[in-house]
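Hi,

Here is the model I promised to pass on.

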Amino acid sequence: MSASGAGAGAGPPPSGGTGGLRYPSNKKTIYDRNLNRSKNAELSRAAFAYLFVEMISYAQRRVRGIADLEKRLNTQGYPLGLRLLDLLLHRSPTSTSSPSPQRPTRILPLLQFIAQTLWRHLFSRPADALERSEADAGQYMLFDNEPLVNQYISLPREMSQLNCAAFVAGIIEGVCDGAGFATEGVSAHSVGLEEAGAAGTEGEKKVKPMWPDRTVFLIKFKPEVLEREEILGRSGG
Amino acid sequence: MSYLFTILSPTDTPLYTHEFGTSRSSGDGIPRFSAAERALNPFILHSSLDIVEEVQWGPSSTSGSAPMYLKHIDKYQYNYISCWITGANVRFLLLTRPRDEALGLTSGGAGVAGGSKGSLAGGRGALGGAAGLYNPTNPATEEAVKNFFVDVYEVWVKTVMNPFFRVGNGDVVKSPVFRARVAAAAKKFL
């Protein structure tokens, strides 16, 4: 320990040697925490709902329209995705055949990572479906039948276009971007009522939708990502 | 041996550098770069980023994922570069500059009397002692570098989890605790 610490006083003596660095009262920096401690790490749903409502109302200030509001929610989620990507890859079990941590290099493993690992981490269950768009090869759809974030949100009539799962879409975008799969944007859309409506036109007038909150996350990758994917596929990697 | 360890953001901004020497075989952990080498090192590291981009996508396994540890990827003169790439495309680069004796540049180590006779004699002396030469693809070397990277990666993930730290903004790692952890990993494995 060097005695150069100019900041004499101010709390407990810094054990790292450098003055100015302040340690928490329990003397544990973030570097002393265990990354794999995930037991009892669940947050109560009420606490999350309360915080999330505050986040939405924060994003709603001086907002110009629904698209703008969704964009802000998306931006709030993005850094989370970047962090969760590395955290979950670090936590993923390493087998004996591949002792060093792995990272996804193709689109499908990346999406499975999102639908399985990320979803389990965030919502304690995997996503409900993952599909590739028929119209557009670069577009993938991730379905969640009842998104946790929308559970306590009821939309006023004039904002029925809004889907607050845009926050989760931002997380997905962060994961894709971080892993080197640039997207043109990830967006969340409510499809529960539409699907029920389409099914209801033939038979009864009104069918109660099975999943009224069903949300689809549209993930559209940039052309260069698809090009790379094709080259990698050709080389048989 | 002297080492230079650098962390580069996905946009090629250096976020952290640490220079150290080996602690193996009674090394003192002090780097022995000459002034000219020290000035050149950043250029060598940056030029090897092209190689990283070439190798990072493949060959991937059948599961469509690739290891983060890319092993030894580049060599410039007597500098060997190893790379580890994180999930979020942050690159850890380790430049290794072995001692001249380990490269066979001097023949004094083996006690050859003709060490000063000229380059040809020196070359022969080096060939004779080839067993002691530095080899970046030696399994033991690869394993040591990997263990170093694994330790640094864990500390790095902890750094990234800090909500006030944004890699995208080019935030430099300033924490002395981080530096101490990297130095400890270096001392332990390299």
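Across the interface of chain A and chain B, 16 residue pairs are in polar contact, both residues at pLDDT 80 or more. Polar contact here is a pair of N or O atoms within 3.5 Å; within protein, one must be able to donate a hydrogen and the other to accept it, and residues adjacent in sequence count only if both atoms are side-chain atoms. On the side of chain A that touches chain B, the elements giving two or more residues are helix H2 (66-91), strand E1 (102-104) and helix H6 (223-234) of chain A. H2(A) has the largest share, seven residues. By class, that side of chain A has 16 nonpolar, nine polar and seven charged residues. (Ala, Val, Leu, Ile, Met, Phe, Trp, Tyr, Cys and Pro count as nonpolar, Asp, Glu, Lys and Arg as charged, and the others, Gly among them, as polar; helices, H or I with at least four residues, and strands, E with at least two, are DSSP runs numbered from the N terminus.)

Before you go further, some housekeeping. This is a predicted model, where local features need pLDDT of at least 70 and side-chain atom pairs count only at pLDDT 80 or more, while totals for chains, interfaces and linings use all residues. Residues are numbered from 1 along each chain as its sequence is written, chains are lettered from A and ligands numbered from 1 in the order in which they are written, and side-chain values use heavy atoms, with hydrogens and water left out.

Back to the interface. With contact meaning heavy atoms within 4.5 Å, 32 residues of chain A touch 38 residues of chain B. The two chains bury about 3,000 Å² between them, 60% of it on carbon and sulfur atoms; that is the accessible area (1.4 Å probe) that two parts lose on being put together, summed over both. In chain A, the residues losing the most area to chain B are A:Tyr31, A:Arg83 and A:Arg103, together 30% of what that side buries.

How many salt bridges cross between chain A and chain B? Just one by the rule, which asks for a side-chain nitrogen of Lys or Arg within 4 Å of a carboxyl oxygen of Asp or Glu. A:Asp32 and B:Arg181 meet in a salt bridge through their side chains, at 2.7 Å, N to O.

(Pairing takes at least two bridges found by DSSP between two strands.) A:Pro104 has B:Ser65 as its bridge partner in E3(B).

Within chain A, strand E2 (residues 129-132) and strand E3 (residues 139-144) are also antiparallel, over four bridges, and they form a hairpin with six residues between them. There, A:Leu130 is partnered with A:Leu142 of E3(A).

Over all chains the salt bridge count comes to 12. Inside chain B, the side chains of B:Arg38 and B:Glu19 meet at 3.0 Å, N to O, in one such bridge.

Lastly, confidence (pLDDT, the predictor's own for each residue, from 0 to 100). Chain A has a mean of 82, with 83% of its residues at 70 or more, but residues 1-17 are below 50. Chain B has a mean of 81, with 84% at 70 or more, and residues 108-130 fall below 50.

Cheers
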